[in-house]
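Work through these exercises with the model in view. Try each task before you read its solution.

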Amino acid sequence: MRKEDYTPSESEWQIMEVFWQSGEETLTSSDVIKVLTESSDMTAKMIRVLINRLCQKEILSYMVDEHDSRVYHYQALKTRQECEQEKSESFVKSYFSGSQTSAVA
């Protein structure tokens, strides 16, 4: 994967907002689904796919529940600030050939 591929997409960002705002150390996919199905038009299947992509991008990590192997507990590996920084760097690289001077101008 390229560095740009490690930044969350808009839909993935919505999922990360749930983690950043929850105040909990870990959340299950059911926790995230409950929040997002009330506030967006995302389906449970779509949310699970996006959570999987966030794990592949190493933005989320997971551990299997010790009592029920069907339950995964997800944890944010990156803060909002880290993701915003990476997104800004990716934007500058994509649109201004990496030149911060051009981006500021």
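**Exercise 1.** Is E58 buried or exposed?

Solution. This is a predicted model, where local features need pLDDT of at least 70, side-chain atom pairs count only at pLDDT 80 or more, and totals for chains, interfaces and linings use all residues. Residues are numbered from 1 along each chain as its sequence is written, and side-chain values use heavy atoms, without hydrogens and water. Now take the cut-offs: buried is under 20% relative accessible area, exposed is over 50%, and partly exposed is in between (1.4 Å probe, protein chains only). E58 has 51% relative accessibility, so it counts as exposed. Helices (H or I, at least four residues) and strands (E, at least two) are DSSP runs, numbered from the N terminus. Last, check the backbone: phi of E58 is near 60 degrees, a positive value in a residue other than glycine. Most residues other than glycine have a negative phi.

**Exercise 2.** Check the span of helix α1 (residues 10-22).

Solution. The expected span is 1.5 Å times one less than the number of residues. Just after α1, G23 has a positive phi of about 80 degrees.

**Exercise 3.** Which residues does I51 contact beyond its neighbours within four places in sequence?

Solution. Contact means heavy atoms within 4.5 Å. With those neighbours left aside, I51 is in contact with I15, S29, V32, L60 and Y74. Of these, I15 is one of the buried residues of α1.
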